[in-house]
Amino acid sequence: MPEGKLCNKQTVDTKELLSALLNDKSGKQYYEEMNHLDVDSKALWGLIQKSCKSRLRTWLEICAHCGMCADSCFYYLANNRDPRQVPSYKIQSTLGELIRRKGNVDNAFMQMCMDTAYSKCSCCTRCGLYCPFGIDMGIMFGYLRGLLFSQGFTPWEMKIGTGMHRIYRAQMDVTTEDWVETCEWMVEEYEDDWPKLTIPIDEKNADIMYTVNAREPKHYPDDLAEAAVLFHIAGEKWTVPSEGWEETSLAMFAGDWAACKMQVEHVYAAMDRLKPKRMVVTECGHAYRATVIEGPYWAGLKSGQPPVESIHYVEWVAEALRTGKLKIDPAKKIKEPVTYQDSCNYIRNAGLGDIAREIMSYIAEDFREMSPCREHNFCCGGGGGLNGIGRYRQQRNIGLQVKRDQILATGAKMVIAPCHNCWDAIRDMEEIYHIGIKWSFLKPLLLNMVIVPDDLKPKEE
Amino acid sequence: MYEFVRGPLALIAFLIFFVGMIYRTIKYIRGLDWQADRVAYTAHFSYGLKGALRSILYWLIPYGTHSWRYYKVFTLIFFTFHVGLLITPIFLLGHNILLKESWGFSLPTLPEAVADTLTVLVIIAGIFMILRRIALPEVRIITTAYDYLILAIALAPFVTGFLAYHQAPTYNFWLIAHILAGEIMLVAIPFTKLSHFILFFLTRAQLGMDYGIKRGGMKGKGLAW
Ligand code: HEM
Ligand code: SF4
Ligand code: SF4
Ligand code: SF4
């Protein structure tokens with residue numbers, strides 16, 4: 001059987017196919033079919049020749065095999081320094097070998113590549129900072145995932161994710177109606193406490209167009225309400241688009257570059273339509289990276305910038321606190337020791353390390369840095385889509401130990417994690433290792449601390 | 001024999017070296033692709049340049065980066081090896097006498113004792129690099145025969161030069177071996193991993209531009225390498 005019904009080289013572009021995949025519990029049939037999937041070596045080699053250019057080729061060629069990247073990788077550290085977890089080894093034995101064999105590889109090799117690219121690398125790009133040549137295995141594994149995707153070797157959940165983006169322009173099946181209804185519902189829920197609260201939809205020329213992670217409307221609608229309340233207190237002129245509100249990109253994790261392009265163009269179209277001054281992205285790391293940092297390249301924007309200036313939620317928070325739009329009640333600052341999870345996606349890969357520290361200086365009395373931190377932080381352990389992939393649960397849980405030990409070493413009681421993936425990873429870490437730690441996004445913390453102007457408070461009866 | 005290896009053969013070796021390195025440089029730069037690499041190289045060139053220079057300079061300084069500081073011993077070996085590798089041949093008295101004879105100019109030269117010490121240090125550092133490849137599991141797993149060959153090509157001019165300089169009984173043999181070893185190294189540079197001699201600067205510049213333009217360089221103070 002060259003091509004499976006569920007596991008094949010086709011992209012998922014119809015609801016029928018998507019629901020067939022979803023009905024295959026845990027991807028049982030999908031992975032069974034994968035065992036029989038043919039490798040189209042000619043197409044694979046053609047794609048490599050077209051897309052593997054001097055940057056990647058030179059990295060693969062001049063790697064001095066010096067091993068300086070070894071300790072930079074949290075998987076290597078978490079797995080008792082297993083030499084098979086050395087970043088250089090991982091990439092040379094997969095992408096390097098694939099190119100040496102000119103794409104003439106078999107099914108088992110492709111599955112090994114898939115297992116390595118997803119369960120031994122979270123694409124955190126930390127190793128690139130430790131290699132004297134700046135060889136970045138995170139980038140190369142991202143590229144490898146794209147090659148694997150083109151041949152149908154993609155974890156079940158990632159294949160579903162790409163289908164979601166292709167069909168719903170969101171990582172989950174949240175339609176425009178669902179989204180708009182959720183916005184309206186949240187206003188109804190919160191307006192007793194916050195008179196005049198609104199979530200303006202499709203307002204043109206607003207100062208801020210706010211965009212989210214589909215998990216928020218789907219599973220945590222209160223996050224959306226909290227964002228609305230904070231914008232309300234800060235007196236922002238803001239809006240959400242009815243279409244193009246989703247920032248995340250499971251397609252990026254899966255290497256489905258065509259779907260990546262469709263997804264970000266949907267957001268950029270909302271910018272063109274509504275002409276906001278700026279866009280603010282919710283507390284999500286990979287979403288920001290996908291739409292603001294990488295997205296312009298997928299969409300072919302030569303400036304490398306999205307159509308309007310786009311900032312991460314932490315940048316908005318820092319600015320609001322700095323300019324006094326949001327004021328913290330000093331008595332309510334966080335007293336217990338807290339630490340901050342530097343998300344690879346917006347700290348290492350977007351330079352917001354100082355912004356995070358600035359926020360902590362306003363809201364925390366006893367802020368403790370992890371070591372290492374900022375651009376040199378370790379991945380939480382759940383990055384690169386790993387949190388969502390059942391097949392690699394065990395490997396993910398082992399990887400979490402590095403972050404666990406880092407957190408414990410700070411003595412903090414709470415981790416502030418303004419990134420959905422990091423937040424999930426730390427929640428799961430607590431579930432597995434019981435280290436007695438709390439974790440939180442910024443929004444609920446800020447809501448407890450801000451001074452609410454009298455005119456915004458509900459009238460006393 | 002001597003006349004041949006130091007005359008025409010040397011000329012050919014230098015020619016291959018220079019043409020090869022220029023070719024590799026051009027090929028690398030032309031193969032960069034703003035969209036595939038996802039770095040707007042030309043749109044924000046000044047940020048890119050700043051990022052590139054920072055990325056190169058910090059890595060040229062011993063203990064200048066987190067990584068160099070993390071691997072304290074290896075960094076020492078590494079810099080000893082490379083400083084000797086680069087400085088000794090260029091500023092060696094003997095080489096500069098030849099240079100003057102052939103081309104009519106010469107560079108400042110090192111005292112003989114310093115050059116001799118550097119040579120020994122390169123050889124010792126090279127031996128450490130070999131032992132390290134055997135001893136450390138994380139280096140052993142990625143080491144190939146090719147890595148040893150490269151080390152041998154780089155060390156050979158130093159070993160043979162050292163023997164010739166100290167007038168080993170078969171001086172003439174070692175002298176010719178030394179010249180040949182040097183020529184082999186020159187020719188090998190463009191064709192092997194030794195091309196990192198120039199590609200180091202190019203790959204570092206590339207990642208520096210990536211960080212300088214896209215990954216935060218336009219917002220923060222620049223990456224703390
Ligand atoms: C400034 C430029 C250079 C940089 C940053 C650089 C960097 C490196 C690195 C990172 C290694 C790996 C060390 C190891 O073996 O564990 C290395 C090895 C080596 N380098 Fe360089 N290098 C430079 C210039 C040169 C030059 C000019 C030569 C001479 C031809 C050279 C010859 C070698 C040799 C022979 C090795 C050991 C073989 C190997 O491991 O691949 N390098 N270099
Ligand atoms: S640090 Fe760089 S050159 Fe050294 S083994 Fe790792 S990838 Fe290769
Ligand atoms: S990108 Fe991160 S997870 Fe992947 S090999 Fe490098 S350090 Fe390890
Ligand atoms: S989940 Fe967070 S820490 Fe992990 S890779 Fe993503 S951004 Fe980095």
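**Conventions.** I number residues from 1 along each chain as its sequence is written, and I letter chains from A and number ligands from 1 in the order in which they are written. Since the model is predicted, local features need pLDDT of at least 70 and side-chain atom pairs count only at pLDDT 80 or more, while totals for chains, interfaces and linings use all residues; side-chain values use heavy atoms, with hydrogens and water left out.

**Ligand 2.** I looked up where ligand 2 sits and found that it lies between chains A and B. Its shell (residues with a heavy atom within 4 Å of the molecule) holds 14 residues, and the closest are A:C63, A:C66, A:G67, A:C69 and A:C131. By class the shell has 11 nonpolar, three polar and no charged residues; here Ala, Val, Leu, Ile, Met, Phe, Trp, Tyr, Cys and Pro count as nonpolar, Asp, Glu, Lys and Arg as charged, and the others, Gly among them, as polar.

**Ligand 3.** Around ligand 3 I listed A:C73, A:F74, A:Y75, A:P87, A:C121, A:S122, A:C123, A:C124, A:T125, A:C127 and A:G138, a shell of eight nonpolar, three polar and no charged residues.

**Helix α4 of chain A.** Helices (H or I, at least four residues) and strands (E, at least two) are taken as DSSP runs, numbered from the N terminus. I noted that α4(A), residues 54-62, is mostly covered, with seven of its nine residues buried; buried means under 20% relative accessible area, exposed over 50%, and partly exposed in between, with a 1.4 Å probe and protein chains only. The buried residues are A:S54, A:R55, A:L56, A:T58, A:W59, A:L60 and A:I62. They pack (contact being heavy atoms within 4.5 Å) against α6 and α9 of chain A, and also against α2, α3 and α12 of chain B.

**Helices α6 and α8 of chain B.** I found that the axes of α6(B), residues 72-91, and α8(B), residues 112-135, come within 8 Å and cross at roughly 135°, which means that α6(B) is oblique to α8(B). Axes are lines fitted to C-alpha atoms, for helices over the stretch in contact, and angles run from 0 to 180 degrees between N-to-C directions; under 35 degrees counts as roughly parallel, over 145 as roughly antiparallel, 65 to 115 as roughly perpendicular and the rest as oblique. The contact includes B:F74, B:I77 and B:F81 of α6(B) and B:L118, B:V122 and B:M129 of α8(B), and by class it has 12 nonpolar, five polar and one charged residues.

**Helices α13 and α22 of chain A.** I noted axes within 9 Å of each other, crossing at roughly 45°, so α13(A) is oblique to α22(A). Here A:D223, A:E226, A:A227, A:V229, A:L230 and A:I233 of α13(A) meet A:K443, A:P444, A:L446 and A:L447 of α22(A), giving seven nonpolar, no polar and three charged residues.

**A:M209.** I located A:M209 in strand β1 of chain A, residues 208-211, and it counts as buried because its relative accessibility is 0%. Its C-alpha atom is separated by 8.6 Å from that of A:V281, 72 residues apart along the chain. Beyond neighbours within four places in sequence, the contacts of A:M209 include A:T239, A:V267, A:L274 and A:V280.

**A:Q151.** I placed A:Q151 in the loop between α9 and α10 of chain A, where its 2% relative accessibility makes it buried. Not counting residues up to four places away in sequence, A:Q151 touches A:K9, A:L37, A:D38, A:V39, A:D40, A:A43, A:L44 and A:M110.
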